[in-house]
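This briefing covers aromatic pairs, charges over rings, backbone angles and nonpolar cores. Please keep the sequence and the 3D view at hand while reading.

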Amino acid sequence: DVPKATEPRGDSDGPRRGSLCDRHCATINNVQGDLSDLGCHLHRPRVLPAMSPPSYCQQHSEEVCESCVVKTTLTAENVVEANKLSNNYKFGFKKWKSHVTARPWEDRSEIVKELYSDLNVIRGSGGSTVTCGNVLYLLLFGWWLSFIYVLMAAMMFITIVGAPYGRLCWDLAGYFLWPFAKVIQKVEVPKSPRALGTCEAGAEASGAGESSALLGGPVPRRWRPWCWADGRHWQCAGAVVWLCLGYPMLALAHGLVCVTAWLLVVLIPVAKLNARTITCVLLLPPEQLVVRRLRMTEVPPEGEVILCCYRAVNPYYYKYTVDGINVFAVNLLPLVLVTLVLGYVDSHNRLTSSPIKFTLALLSIMPLSYYIGMAIASISAQSNFAVGAVVNATFGSITELTFYITALIKGSREGNRCYAEIVKSALTGTLVGCVLFVPGLCMVIGGIRHQEQRFNSRSAGVSSALLFLSVGGVFAPTLFSKVYGKLVCGECHNVTQNPLGHYLCHNCHFDLMENNGTLYYSHVQPLVYTVSLLLPAAYLIGLFFTLKTHTHIYDIHISGCHMPGHHHSAVVHWSRWRALVILLLSTLCMSACADLATEHISPILTNSTISQYFIGVTVLAMVPELPEIVNGIQFALQNNLSLSIEIGNCIAVQVCMLQIPILVLFTIFYPTNFTLVFSDLHVYASMFSVVLMNYIFMDGKCDYFQGTVLVMVYFILLAVYFFAPSPSGC
């Protein structure tokens, strides 16, 4: 179904552009050989033209001549990753940057391999160990850990039978004060295989593959204490004293350091160091442990290095994943449990206040959005097109809809119109933010690395056309009500003391309930229902257009990248059933957090001096979209701005064509205060944002300056919302 490459235009585009494109396409066709019928490609500089096409991994970008058909060739390690990459370019599917399968170890960069390596490898001279990160370790953990070891050494010497452990604690006090460029070595290996402990098993398996998430080594089959070799473990008085007095306190201290360092992410090497100390070093006999400086170390052939650390801080640990889950999402998961416990156990606010609970509930939405996104991407990549489309359509907007519906239900029960206005502000904020802020921020960050970025203007044009249609449909009832509604003002003052002079009026709005609501029920409401039916129909037509009849607009080709001798079998992080269970549990937790957020937002709305408009368009609108913003930034850094733009456009289109019609449908079965009549500020901000976005995206290329314009316009609109008065009745 891939169309033939169109012939380059000649004289119509001028001599300069035509000759450039002709030379460009001719060069690529000569290099591609039998691939010339697939279109015109532009290779990255590191691809050698002299090589035959099957002998190298083709990395293509979307930078092509405007006279050639846009063709993007992507590389995938396996079929599942190929499906995920293909789904990223499908309209209506969630764009996901992270891998859904385990990457082959040999294909990873040296920087990433270092993140998963064990701390038991001696390297060459790496320069001075006096770095800012190491000094930070000394100030945060080193001094008091060393002090605890000194106290423990004194305690062990007092017991007499624990004197060997006292000497070990004294040596470890110096080690943990400054562990860099030092090694902890096991100098004797027990002959009996039954005496092997955790450290030996971990050291033997180090470097063989990806390590465990926290302990820095593969999980051992079974832990065996050191004295088990001759059956006299519990007969050793020193070992009993150590396990009763010394080990628990030191394990508690190292555990505290481990958790703190893990939460700080960049200090994960310190977390590995302390976790390995708990499970390995402190459980070995002191006679087998030697602490030495690296420059004086001569490792005997039978010796094993247990710990060897050079740096306490590694800024690249933001890439670290645990079973495919980013480390930040892992660290924020306990926050969800804390939020649910505080929200439902402390219902009378005895432990915390409502603003704190609202903040916790809002922050808990971020990791849940990440888990929902990864579950959708995993299921879609492992399923056929129909299942992927259903999952994306069902759960793609579940985060926002959960919050909107719970807010409308609470507002209906309390008879408070503010909740409906907050929902409208959040809808408008999501639309404006995804049209201006998301692509603008991606252009700025991507433009720092790439001087000029290009994207598929045809695919962006489809999203822009749907966005124009959706904005016009959503605000059609609002324009209708302003044309035919009756203007009603709360209070008016004569500023000229003349009955025929000028009047200054406040809290003016268009009344649709005149004559028992004849205008609303006979004209506006049928228009709302009609628009709510037409918008999803237009969305389905857009899906059919981009995914069935005009797939060449995206024109994505997935090619394998296989090296000789390497096997790239798909090892998925989450199976389909596991992803489905996580998706359902995350959705359930999302609904609970949304319920808590709406439950505790009332004091903020009533006591805050900030406009409710501003709260809706910023906090409630953009916090759930943070995982999408991160994905867009990562795509932009890889010079794939098309996906960054599509992320914002797809969310904006789904807001207008799916979320708002679903809310209208919900109000039919559960009457609420939600009506599809927006304030003037929402109408003007949305329409201006869509027009500006289409103007920026016309030529199919951009730079950081255009992104800065979009971001600045977004902040100007936020300033307008900040100084705007709150909605009438709130």
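Is asparagine 639 buried or exposed? Asparagine 639 is buried, with a relative accessible area of 14%, which falls under the 20% cut-off for that class. The model discussed here is predicted, and the points below are grouped by topic.

**Positive phi angles**

- In general, most residues other than glycine have a negative phi.
- Asparagine 639, which lies in the loop between α20 (626-637) and α21 (641-669), has a positive phi, near 60 degrees, although it is not a glycine.
- Alanine 181 also has a positive phi in a residue other than glycine, with a value near 65 degrees, and it is found in the loop between α5 (163-177) and β2 (182-186).
- With a relative accessible area of 22%, alanine 181 is partly exposed, whereas asparagine 639 is buried.

**Aromatic pairs**

- The structure holds 21 aromatic pairs. One of them joins phenylalanine 437 and tyrosine 714, whose ring centres are 5.1 Å apart and whose planes stand at 35 degrees, so the pair is tilted.
- Because phenylalanine 437 belongs to helix α13 (residues 418-449) and tyrosine 714 to helix α23 (residues 704-723), this pair ties together parts that are 277 residues apart in sequence.
- Both phenylalanine 437 and tyrosine 714 are buried.
- Elsewhere in the list of ring contacts, Trp96, Tyr370, Tyr371 and Trp574 are linked by ring pairs into a cluster.

**Charges over rings**

- Arginine 108 lies over the face of tyrosine 116, at a distance of 5.0 Å from the ring centre.
- Lysine 424 lies over the face of phenylalanine 678, and here the distance from the ring centre is 6.0 Å.

**Nonpolar cores**

- In soluble globular proteins, nonpolar side chains tend to be buried together.
- The largest nonpolar core in this model has 122 residues, and those with the most contacts inside it are Leu436 and Leu620.
- When residues up to four places away in sequence are not counted, leucine 436 touches Ser689, Leu692, Leu710, Val713, Tyr714 and Leu717; Tyr714 is also the partner of phenylalanine 437 in the tilted ring pair.
- Another core, of 57 residues, lies apart from the largest one, and among its members are Leu115, Leu145, Tyr165 and Val327.

Key:
Residues are numbered from 1 along each chain as its sequence is written. This is a predicted model: local features need pLDDT of at least 70, side-chain atom pairs count only at pLDDT 80 or more; totals for chains, interfaces and linings use all residues. Side-chain values use heavy atoms; hydrogens and water are left out. Rings of Phe, Tyr and Trp (its six-membered ring) pair if their centres lie within 6.5 Å; planes under 30 degrees apart count as stacked, over 60 as edge-to-face and the rest as tilted. Helices (H or I, at least four residues) and strands (E, at least two) are DSSP runs, numbered from the N terminus. Buried means under 20% relative accessible area, exposed over 50%, partly exposed in between (1.4 Å probe, protein chains only). A charge sits over a ring if NZ of Lys or CZ of Arg is within 6 Å of the ring centre and within 35 degrees of the ring normal. A nonpolar core is a set of buried Ala, Val, Leu, Ile, Met, Phe, Trp, Tyr and Cys residues joined through side-chain atoms within 4.5 Å. Contact means heavy atoms within 4.5 Å.
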